[in-house]
Amino acid sequence: MFDYAIFLAYALLSLALVLSFVRLVLGPSLPDRVVALELLASLTVGFIGVAVVATGRSAYLDVAMVLALTAFLAAIAFARYLEKGGYRSGD
Amino acid sequence: MVTEGLTAFFLVAGAGFMLIAALGLLRMPDLLTRMHATTKAGVLGAGLIMVGAAIFIGQLTVVVKAIAVIAFLILTAPIAAHALGRAGYFVGVPLWSETHTDELEGRYDRDTHTLASSGDTPAGQVEERPGENRSES
């Protein structure tokens, strides 16, 4: 029963990963791709949370914390980069 | 048994919310509505999964770490969404074709990053658009 729940959580997260990867490829604009990357990062945090339960190794939570931090920094850096780039008609 | 049931509930609920976030990211029509889907549902999903992991392990250090991750997600997600939405508007990402109100239109200076208040009209801009009933203070 419990194993099925973990399997279901993994399956749902994998499906979400595929869907957001489709958005990452399709775009159409660079901010859309950055939003998709941000969701991929929080999906990975979710994966790590499920892996903590599946393996029982709580040390993985440190990875989740660092990943959340770097994802935030990446989003802020992309936002600054976009603003410095100025107005664009389409990319 | 109770612990396992609660953990399973939180894991599946969190994964479900993250799937909803990804579905919204794929299906929503423009940047701001996509961010509306991913920011809230994504953080809620990751937070629920962290709650599940904390309940399952049950040690104090793990609970504190999980709470730290959740607090960090809740603190940073609005800031990142704000910065990305601002940058997206600033670089001219097109809004949805059925968007009917853009409060910043004509008021936001793309060069100086300043926002005109509702009283003064920016130079070269028409203040009122026809057919729009806006209450002026």
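Just after helix 2 of chain A, A:Gly56 takes a positive phi of about 80 degrees. Helices here are DSSP runs of H or I with at least four residues, strands are E runs of at least two, and both are numbered from the N terminus.

A quick word on the ground rules. This is a predicted model, where local features need pLDDT of at least 70, side-chain atom pairs count only at pLDDT 80 or more, and totals for chains, interfaces and linings use all residues. Residues are numbered from 1 along each chain as its sequence is written, while chains are lettered from A and ligands numbered from 1 in the order in which they are written.

Back to helix 2 of chain A (residues 30–55): its 26 residues reach 37 Å from first C-alpha to last, close to the 38 Å expected at 1.5 Å a residue (the expected span being 1.5 Å times one less than the number of residues). Of those 26 residues, 19 are buried, so helix 2 of chain A is largely enclosed by the rest of the structure. Buried means 20 or more other C-beta atoms within 10 Å of the residue's own, exposed means 12 or fewer, and partly exposed is in between, with C-beta atoms placed from the backbone.

Over in chain B, you get three helices and zero strands, in the order α-α-α. Of its 137 residues, 36% count as buried.

What does the side of chain B that touches chain A look like by class? First the contact itself: 48 residues of chain B meet 44 of chain A, with contact meaning backbone-placed C-beta atoms within 7 Å. That side of chain B has 33 nonpolar, 11 polar and four charged residues. Ala, Val, Leu, Ile, Met, Phe, Trp, Tyr, Cys and Pro count as nonpolar, Asp, Glu, Lys and Arg as charged, and the others, Gly among them, as polar. Helix 1 of chain B gives the most to it, with 15 residues.

| Helix pair | Axes come within | Crossing angle |
|---|---|---|
| Helix 1 of chain A, helix 1 of chain B | 8 Å | roughly 15 degrees |
| Helix 1 of chain B, helix 2 of chain B | 7 Å | roughly 165 degrees |

Axes are lines fitted to C-alpha atoms over the stretch in contact, with angles from 0 to 180 degrees between N-to-C directions. The two helices 1 are therefore roughly parallel, and helix 1 of chain B is roughly antiparallel to helix 2 of chain B. Under 35 degrees counts as roughly parallel, over 145 as roughly antiparallel, 65 to 115 as roughly perpendicular and the rest as oblique.

Technical notes:
Contact = placed C-beta atoms within 7 Å.
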